[in-house]
Amino acid sequence: EKIPSQRREPIEGKPMIPLSLGDPTAFGNLQAPEVLSETMVSLVRGAKHNGYGNSAGAEDARAAVAKRFSTPHCIYKASDIIVASGCSGALEIAINGIVDEGDNLLVPKPGFPLYQVLAESQGASVKEYDLLPSQGWQADLAQLESLVDARTKALIVNNPSNPCGSVFPKEHLLGFIDIAARHKLPIIADEIYGEMAFEGVAFHPLAELAPHVPVITVGGLAKQFLVPGWRVGWLMLHDPVHALDDLREGFNRLTQLIVGASTLVQGAVPRVLCPEAGSADAASLAASDQHYMTTLQDNARFTYERLKGVVGLTPVEPQGAMYVMVHYDPAVLPGIRTDAEFVERLLAEEAVFVLPGACFGAPHFFRIVFSGPREKLADAFDRMEAFCMRHREEGV
């Protein structure tokens with residue numbers, strides 16, 4: 001109910017520009033790697049991946065995920081991996097397996113709203129810890145720790161962040177781990193954008209830094225490989241202290257609710273996650289990733305530089321993923337009282353659709369997805385500037 005309807009009377013000369021949905025394929029300017037597309041065609045023609053499979057995932061797909069994401073201090077086995085219906089499905093398994101009615105999870109604010117939806121579907125609740133825009137969206141760790149109580153069952157850390165586009169430095173991640181260790185909490189690490197940090201910004205897998213804390217990491221093909229509609233994700237269990245032994249069985253049972261993810265798409269996982277070093281596949285995948293990440297990084301820089309000069313708007317510079325959060329100042333735009341009203345009126349007057357910060361727990365902010373073509377972004381930001389100038393003048 002926090003998202004306005006896109007249905008509006010057309011505005012002459014202003015076609016709709018949707019910068020709201022976190023789908024990098026929405027405009028058609030970004031495509032899945034050719035290796036992945038070719039693999040899928042071959043799998044369809046081979047007709048060997050059309051039947052049911054293991055509900056926890058095909059063995060070769062699980063082994064490929066384990067190989068791709070193992071690090072020196074976090075070595076996964078295929079048995080540590082569960083393949084799910086997208087990263088959202090992996091989150092559902094993790095949260096449903098951990099919480100009971102009356103329990104709570106610690107989640108970021110601003111944050112992905114699905115965490116709350118999944119917790120509440122089990123009769124649990126969330127407690128929101130603050131991410132601070134003045135500190136590049138790092139968490140207020142003292143405030144976070146103050147939220148822990150006897151019914152707190154896990155801490156969720158989303159890095160890189162949706163909706164903020166921030167990437168936590170190593171020292172900050174160690175702060176999360178210290179809190180989890182003190183309170184004997186497992187961490188659910190949402191790292192769907194983990195390999196999408198920008199140049200010069202280091203991404204650190206949280207499990208690699210946690211030798212004494214169990215970490216359940218979720219990820220998937222969707223965003224990195226530009227196939228969000230294919231719905232294959234995974235859950236990776238790092239449990240150096242054997243705190244999750246009972247949960248493993250529960251997680252595997254939960255996979256049986258939908259009889260597993262697409263067997264066809266799972267068939268492509270080994271080739272795209274673990275190409276042979278020096279092979280044509282490896283070179284093609286690297287080139288595709290380079291093009292994708294260069295596009296995102298250039299668009300992020302363009303978005304930030306363009307919007308920081310717009311009256312009444314203050315973007316927080318992104319460091320990864322495909323999002324930027326922008327603060328609007330109601331003192332400068334006095335006729336617009338809330339972020340929901342800002343979004344509604346921008347859509348009605350300029351046919352530019354962004355998401356209000358209320359969707360993520362961030363009043364007076366809105367989120368922009370900057371994965372679209374540069375000319376679409378430029379047009380949208382010109383309209384946004386005209387909108388802000390017009391409403392500033394109304395208040396003068």
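These legends walk you through several close-up views of one predicted model. Residues are numbered from 1 along each chain as its sequence is written, and side-chain values use heavy atoms, with hydrogens and water left out. Because the model is predicted, local features need pLDDT of at least 70 and side-chain atom pairs count only at pLDDT 80 or more, while totals for chains, interfaces and linings use all residues.

**View 1. Strand 14 is mostly covered.** Strand 14 spans residues 365–369, and five of its five residues are buried. Buried means under 20% relative accessible area, exposed means over 50%, and partly exposed lies in between (1.4 Å probe, protein chains only). Strands here are DSSP runs of E with at least two residues, helices are runs of H or I with at least four, and both are numbered from the N terminus. In a regular strand the side chains alternate between the two faces of the sheet. Here F365, R367 and V369 point one way, while F366 and I368 point the other way.

View 2. Two strands pair if DSSP finds at least two bridges between them. Strand 11 (residues 323–328) pairs with strand 14 over five bridges, and H327 has F365 as its bridge partner. Strand 13 (residues 355–356) pairs with strand 14 over two bridges; look for L355 with R367 and P356 with F366.

View 3. Within helix 10, R301 and D298 are three residues apart, about one turn of the helix. R301 and D298 form a salt bridge, with the closest N and O atoms 3.4 Å apart. A salt bridge is a side-chain nitrogen of Lys or Arg within 4 Å of a carboxyl oxygen of Asp or Glu. R301 is partly exposed at 44% relative accessible area, and D298 is partly exposed at 33%.

View 4. K14 is partly exposed at 26% relative accessibility, whereas E350 is buried at 2%. Both belong to a network of salt bridges that also links R337, E341, R345, E349 and R390. By the rule given above, the count comes to 21 salt bridges.

**View 5. Two cysteines, C164 and C359, are in no disulfide.** A disulfide is a pair of cysteine sulfur atoms within 2.5 Å, and a search of the whole structure finds zero. For C164, the nearest cysteine sulfur is that of C359, 13 Å away. C164 is buried, with a relative accessible area of 0%, and C359 is buried too, at 13%.
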